[in-house]
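Dear colleague,

Here is the structure for your files. My notes follow below it.

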Amino acid sequence: MKITHAAVAGTLESGDVMIRIAPLDTQEIDLQISSNVEKQFGEAIRATMLEILDRHHVTGVQLIVDDKGALDCILRARLETLLVRASDVKALPWEENL
């Protein structure tokens, strides 16, 4: 999946996460995480973000995660929504990911 433009998903409410994505000129992933539970769950948040990006073959992006204590399922839903918003696809290929 190619990220073609910047996009945002989520809110800064307690229990939610705001994620921003923008394309880069390189193939690297610049992942920046800010979380009020980073000491306890920072590595889990990072692993979730990288897993979703890898599953959808996303590279060459800057991903800024501003977490306010979101559950893993919220992190996944917000990032997958963001990928659709930032690319030219209309929906994620769910059947291919099972």
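**Notes on the chain**

Met18 is found in strand β2, residues 17-23. Helices (H or I, at least four residues) and strands (E, at least two) are DSSP runs, numbered from the N terminus. The model is predicted, so local features need pLDDT of at least 70 and side-chain atom pairs count only at pLDDT 80 or more, while totals for chains, interfaces and linings use all residues. Residues are numbered from 1 along each chain as its sequence is written, and side-chain values use heavy atoms, with hydrogens and water left out.

**Around Met18**

Met18 counts as buried because its relative accessibility is 17%; buried means under 20% relative accessible area, exposed over 50%, and partly exposed in between (1.4 Å probe, protein chains only). Apart from neighbours within four places in sequence, Met18 is in contact with Val8, Ala9, Gly10, Thr11, Leu12, Ile64, Val65 and Asp66. Contact here means heavy atoms within 4.5 Å. Ala70 is 52 residues from Met18 in sequence, and their C-alpha atoms are 9.6 Å apart in space.

**The chain as a whole**

The chain has two helices and four strands, in the order β-β-β-α-β-α from the N terminus. Its radius of gyration is 13 Å, which agrees with the value near 13 Å for a compact globule of 98 residues. That radius is taken over C-alpha atoms, and the globule rule is 2.2 Å times the number of residues to the power 0.38. The C-alpha trace spans about 30 × 30 × 20 Å along its principal axes.

Of the 98 residues, 35% are buried. Among contacts between residues at least 6 apart in sequence, 74% join residues at least 24 apart. The accessible surface comes to about 5,900 Å², and carbon and sulfur atoms account for 53% of it; areas come from the Shrake-Rupley method with a 1.4 Å probe, and for residues only the protein chains shown count as cover.

The chain carries 10 positive and 16 negative charges, whose mean positions are 4 Å apart. Lys and Arg count as positive and Asp and Glu as negative, while His and the chain ends are not counted. Each charge is placed at NZ of Lys, CZ of Arg, CG of Asp or CD of Glu.

**Salt bridges**

A search of the whole structure finds six salt bridges, each defined as a side-chain nitrogen of Lys or Arg within 4 Å of a carboxyl oxygen of Asp or Glu.

- Glu51 and Arg55 meet through their side chains at 2.8 Å, N to O. They are four residues apart in helix α1 (residues 38-55), so about one helical turn separates them. Glu51 is partly exposed at 35% relative accessibility, and Arg55 is partly exposed at 29%.
- Arg55 also forms a salt bridge with Glu80, at 3.5 Å, N to O. Arg55 lies in helix α1 and Glu80 in helix α2 (residues 72-86), so the pair ties together parts that are 25 residues apart in sequence. Glu80 is buried, with a relative accessible area of 11%.
- Arg76 pairs with Asp72, with the closest N and O atoms 2.7 Å apart. These two are four residues apart in helix α2, so they too are separated by about one helical turn. Arg76 is partly exposed at 22% relative accessibility, and Asp72 is partly exposed at 36%.

Salt bridges that share partners join Glu51, Arg55, Asp72, Arg76 and Glu80 into one network.

Regards
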